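Q: Hi! Could you walk me through this structure? I'd like the overall picture and then a few residues.

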Amino acid sequence: MKDFYRRGCMKLAIALMVDPMALASARAELPKGPITLVVPFAVGGATDVVSRLVAQKLGERIQRTVVVENVGGGGGAIGAAKVARAGPDGNTLLMGTIATHVINPLSMAQLPYNAQRDFTSVSLIAMVANVLLVHSSVKARNVQELIALMKAQPGQFSYGSSGVGTPPHLSGELFKSMTGVDMSHVPYKGGGPAMGDLVAGHIPVLFDVLSGAASHIRAGSVRALAVTTRERVVSFPDIPTVAESGVPGYETWTWNAIFGPAGLPRPMVDELSGALQAVTALPDVQAKLKELSATPVGSTPETLTTLVATETAKWRAVIQSIGGLKRD
């Protein structure tokens, strides 16, 4: 992730040095007219907040109107499908996530798009850690103590998540497979209800998206044992990673990335990607993303394409190991 950040800063420096003629040429490659950034989830969620920030800054940078349109439903599938059907003119873009481009394709038989064929990668915007939380009554102060406790009481522990097939759910399943613990999954319809039951002591363990859990961690109403990313998170530097806590190789996250429909002209992709990398490197954007417990990235199209492929291979193995996902 640090390499992603450094590349973003280099792109910004180069962008600031271009001459007016080069800038005019770049604008000629950009979409004509306003751009609609489709957010495949409801207003007010973490993806929506990130999208509105990026839309505003991107519009200012490329001197185009960028409007956010929330098209929720189907775990992100409905909004993603709308962009997949759009023409390759750059006027319709998608704020995709691990749900739209990895989990849905691996778990939905009637998905109305092909995640690898129907989109053009533009730029990875940010990555967000998941976090392993326990109720205050759980007699474990770290990951190793939790593993020992679970192994001493097999089948007696359950963990909650925001729903079947969500990144927190799969984070829990990967944890089970890598540690050999026996804990049952309790799916909720969203992170809010799951967190409520953890705080109330109805479930002992919860995997959640860090941005959603941050206020509860700061308030001390839950205990954070570890974040799921490879490196510690800037906003919570005292919380160790699962990997450094004795589960080497463990790493999960959720992410936000910009995709266009298939067939976007390469010059347009390059201009949009460069602009997004510059936007992600802006100090105020960096500050806001970190406030949301997100790690700013700003990547090339190729980096995003590689991420989708590697994440798909990783989660396919996990999903197959649990016999697939039963989605509503």
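A: Happy to! One term to begin with: helices here are DSSP runs of H or I with at least four residues, numbered from the N terminus. Also keep in mind that this is a predicted model. With that settled, the place of Ala55 is in helix H3.

Q: Thanks! Is Ala55 buried or exposed?

A: Ala55 is buried, because its relative accessible area is 4% and the cut-off for buried is under 20%.

Q: And what does Ala55 touch, beyond residues up to four places away in sequence?

A: With those set aside, Ala55 touches Leu37, Val66 and Val68.

Q: How far is Ala55 from Glu231?

A: The two are 28 Å apart in space, C-alpha to C-alpha, and 176 residues apart in sequence.

Q: Let's zoom out. How many helices and strands does the protein have?

A: There are 12 helices and 10 strands in the protein. The radius of gyration is 20 Å, close to the 20 Å that the globule rule gives for 328 residues, so the protein is as compact as a globular protein of that length.

Q: What box do the C-alpha atoms fill?

A: Taken along the principal axes, roughly 70 × 40 × 30 Å.

Q: And what percentage of the residues count as buried?

A: Of the 328 residues, 53% do. As for the accessible surface, the protein has about 13800 Å², with 56% of that belonging to carbon and sulfur atoms.

Q: What about contacts between residues at least 6 apart in sequence?

A: Among those contacts, 78% join residues at least 24 apart.

Q: Where are the charges, on average?

A: The protein has 29 positive and 24 negative charges, and the mean positions of the two sets are 2 Å apart.

Q: On to the inside. Which residues have the most contacts in the largest nonpolar core?

A: Those are Tyr113, Leu146, Phe175, Val205 and Trp255, in a core of 52 residues. Helix H12, residues 301–321, gives the largest share of this core, with six residues. There is also a second, separate core of 30 residues, and Ala55, Ile62, Ile258 and Leu272 are among its members.

Q: Now Leu198, please. Where does it lie?

A: Leu198 lies in helix H8, which spans residues 191–200. Leu198 is buried, with a relative accessible area of 0%.

Q: So what does Leu198 touch?

A: Not counting residues up to four places away in sequence, Leu198 touches Leu133, Val134, His135, Ile203, Pro204, Val205, Leu206 and Val222. Val205 is also one of the residues with the most contacts inside the largest core.

Q: How far apart are Leu198 and Ser184?

A: They are 14 residues apart in sequence and 15 Å apart in space, C-alpha to C-alpha.

Q: Last topic: backbone angles. What is phi of Gln63?

A: Phi of Gln63 is near 60°, a positive value in a residue other than glycine. For background, most residues other than glycine have a negative phi. Gln63 is found in the loop between helix H3 (46–62) and strand S2 (66–70).

Q: And what is phi of Ser293?

A: For Ser293, phi is about 65°, which is positive although Ser293 is not a glycine. Ser293 is found in the loop between helix H11 (283–291) and strand S10 (294–296). Ser293 is buried, with a relative accessible area of 1%.

Definitions and conventions:
Residues are numbered from 1 along each chain as its sequence is written. This is a predicted model: local features need pLDDT of at least 70, side-chain atom pairs count only at pLDDT 80 or more; totals for chains, interfaces and linings use all residues. Side-chain values use heavy atoms; hydrogens and water are left out. Helices (H or I, at least four residues) and strands (E, at least two) are DSSP runs, numbered from the N terminus. The radius of gyration is taken over C-alpha atoms; the globule rule is 2.2 Å times the number of residues to the power 0.38. Buried means under 20% relative accessible area, exposed over 50%, partly exposed in between (1.4 Å probe, protein chains only). Contact means heavy atoms within 4.5 Å. Accessible areas come from the Shrake-Rupley method with a 1.4 Å probe; for residues, only the protein chains shown count as cover. Lys and Arg count as positive and Asp and Glu as negative; His and the chain ends are not counted. The place of a charge is taken as NZ of Lys, CZ of Arg, CG of Asp or CD of Glu. A nonpolar core is a set of buried Ala, Val, Leu, Ile, Met, Phe, Trp, Tyr and Cys residues joined through side-chain atoms within 4.5 Å.
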